[in-house]
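Please open the structure in your viewer and keep the selection panel at hand. The tour goes stop by stop.

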Amino acid sequence: RMFHDDELEESEKFYVGQPRVLLLIYALYNTLVARSEMVCYFVIILNHMISASMITLVLPILIFLWAMLSVPRPSKRFWMTAIVYTEVAIVIKYFFQFGFFPWNKHVDYTKDKPYHPPNIIGIEKKEGYVHYDLVQLLALFFHRSILKCHGLWDEDEKGDSSSNKEDTDDELSLTGGRRDSSASLKSVSLAASVESIHVHFPEQQTAIRRKSSSSISQLSHRSSFSSHRSKRDIFKNINHSTLSLYFLQYKLCVIKSHCGLYCFRTLQVYVPIRQFFYNLIHPDYSAVTDVYVLMFLADTVDFIIIVFGFWAFGKHSAAADITSSLSEDQVPEAFLVMVLIQFGTMVVDRALYLKKTVMGKVIFQVILVFGIHFWMFFILPGVTERKFSQNTVAQLWYFVKCVYFGLSAYQIRCGYPTRVLGNFLTKSYNYVNLFLFQGFRLVPFLTELRAVMDWVWTDTTLSLSSWICVEDIYAHIFILKCWRESEKRYPQPRGQKKKKVVKYGMGGMIIVLLICIVWFPLLFMSLIKSVAGITNKPLDVSITITLGGYQPIFTMSAQQSQLEDFNQTRFNMLLAGYRGNTAALQFLEGYGKEDITLADLEGNSNSLWTISPPSREKMIQGLLDFSSEFTVVLSWTIQRTLGEVYPYYIKAPSDSLAKPIKQLLKDCKWKNITVSLVKNVSGEGVREWWVLNQLGKTFKTSGDSLELIIFSDKVSPPSLGFLAGYGIMGLYASVVLVIGKFVREFFSGISHSIMFEELPNVDRILKLCTDIFLVRETGELELEEDLYAKLIFLYRSPETMIKWTREK
């Protein structure tokens, strides 16, 4: 061994011999130490999500627009700003907790108001007002201690002090590239004359800014300066015209003495910010990376949160859900706006990724950070009429969006990849990539939208149809490549029959799937009402009787207490009455006692019989004519037995049309009722109304009344009502026929695609597609046309295809 230490050896043995739980704790602590800055970011964002005030809003914005964009890591100035700002916020919150402030006297009344000024600012009086701020301060001090242990806390100051001792003014600007520009601007003397003004502006020192932490800790500052001294002349001329313009503008500002101070302060703020973003957009070198897939996944998660929790972004309605709204053919405005905004940002992000423009991504990042924070914490609480801290769905959406902001900052800091070749799912040839890629292609319009966007924002000479042709060939060849690789990994010996595990596993699964598809509507309609069905009892039962088209003679309704549920005794009596009647018992098997309702209707009509005298005379004449359809006999009381007109058993299906139950009518005959006209003569005049009475009532015999037994069909649950509402035929048309079409395409037409499916080796075709992508990215557009023509010729010539795809 080159190096051996007994104490280190014993320490390592002691560490390995510890319990697994303790080793896990050590590993978690080391992970915490290695990513202590991420812990600080997480605590700051969590504090802002819970507090949701202007005081806590500053640090999250600084994280996404300063800390995460700094190379190679956030500077000491940022961490000092975060620590001091947190301490000041704690003091301010503590100061405004005293009860003598006017807004602290009615805390219970104003604590839930989103636009109450103390709530917006973050100085309201509440329990635990400073807990998360203290945790945030603790995390910041923990990270500060980690940086101090590794010698990274005073890194900037050491670089500046060594430069001041050894360099001239120009050398100072070289080695002090990490310093803020405001320090050099402070050397300006505003009282000096115009000719004697001397301004130090920072130069574009991206090379020093890109130093890694390991090289800084190992090399001395003198050697660092000597390594960059040879580049001094190059760096001096990088932005000479821009610096001269600043110098001339500053002279003009000083001439105007009353504006000189303001211009000086403006430059103090503007120049460092401008220098920061300039170095970010024009790096000396960059570690190119590609995190677009992770950003896309974060946006997809936010899209799902919007779909299933859209009510949290509109008017406050905790009971709303997207399925019920869409089943009623209603598109909520909040849902529409959020979906369009989220989808629009995804399209813009894809365009920036394809154009590989870091400047556009920086501008988009700044706009998105300010826009989303302004909307989430100032506009959304007013729309939903509740504070952001009380909106769980909005908090979850914001946290995922913060993950997206972090990934975007990392992408900006590292730079876009120079070449974007194919789909990210086609990097490996295994079953996981195969099924994920096929699932990606099954999403409606996603493949088409991606292809069109790639064609719009990629330099190419191909037409849109040719572009789509190449994409389709590439996708097809990739799928074949995955199958060929799987055949190589799991070879099948020649002459050996398929194993039963494969046959019954794959074949049995397909058989069960096809059977389920064919009989799904019947199974669904049967189970949805028998197992998961909900009893739909009537709320009102009305009877109206009209003779010959004249004024109704009887109107009555039964409600509330007049509608009685069937108990077990009555249900047994009903079954006993139809013993031996097969049709009736078969009908009653589908119902339980909870599905039957007994309606007791009062025999006296609830309305007076207001018929005009001429109509009354015509009705009497019709009743007197025994050859007409009136089958009543007229008497003084006009009393007549109406034969077999009352149904007695009514079926209330899921639709609005109620029908009589013929299976329960003995000898298929309806019940008889009596109709009587009652006349009341008083001082107010003559009043008449009709009285009906049912003959042969089953459960009630006293008084003039009508009995009506209602069988209520179970209805599907509200969440599945929109699907069950189409009925069995609708489900067959929409499910079985549509799915059957895709299944038929899988089993038919195979003979026409044999020349394109049965390719033993697709490596050459796959390489040809990859070459088209590569020359497109490198700008060789003429070569792109030649390779595309070669690909088309290959598919037009079966003989050439056979030569290209034979095994090597």
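**Stop one: positive charge**

Select Lys-488 and show its side chain: at 52% relative accessibility, Lys-488 counts as exposed, because the cut-off for exposed is over 50%. The model you are viewing is a predicted one. Now colour residues 464-489: this is helix α25, and Lys-488 lies in it. Together with Lys-488 they gather in a patch of positive charge on the surface.

**Stop two: negative charge**

Which residues form a negative surface patch? Select Glu-780, Glu-782, Glu-785 and Asp-786 to see them. Then centre on Glu-785. Its helix is α34, which covers residues 781-796. Is Glu-785 buried, partly exposed or exposed? Glu-785 has a relative accessible area of 41%, so it counts as partly exposed, between the 20% and 50% cut-offs.

**Stop three: cysteines**

Now select the cysteines. How many disulfides does the structure hold? The count is zero. Go to Cys-469, which is in no disulfide. Draw a distance from its sulfur to that of Cys-769, the nearest cysteine sulfur: it is 9.3 Å away.

Cys-469 is partly exposed, at 26% relative accessibility. Finish at Cys-40. Its relative accessible area is 1%. Cys-40 is therefore buried, as the limit for buried is under 20%.

Methods:
Residues are numbered from 1 along each chain as its sequence is written. This is a predicted model: local features need pLDDT of at least 70, side-chain atom pairs count only at pLDDT 80 or more; totals for chains, interfaces and linings use all residues. Side-chain values use heavy atoms; hydrogens and water are left out. Patches are made of residues with over 30% relative accessible area and no salt bridge: like charges are joined within 9 Å, nonpolar side chains (Val, Leu, Ile, Met, Phe, Trp, Tyr) within 5 Å. Accessible areas come from the Shrake-Rupley method with a 1.4 Å probe; for residues, only the protein chains shown count as cover. A salt bridge is a side-chain nitrogen of Lys or Arg within 4 Å of a carboxyl oxygen of Asp or Glu. Lys and Arg count as positive and Asp and Glu as negative; His and the chain ends are not counted. The place of a charge is taken as NZ of Lys, CZ of Arg, CG of Asp or CD of Glu. Helices (H or I, at least four residues) and strands (E, at least two) are DSSP runs, numbered from the N terminus. Buried means under 20% relative accessible area, exposed over 50%, partly exposed in between (1.4 Å probe, protein chains only). A disulfide is a pair of cysteine sulfur atoms within 2.5 Å.
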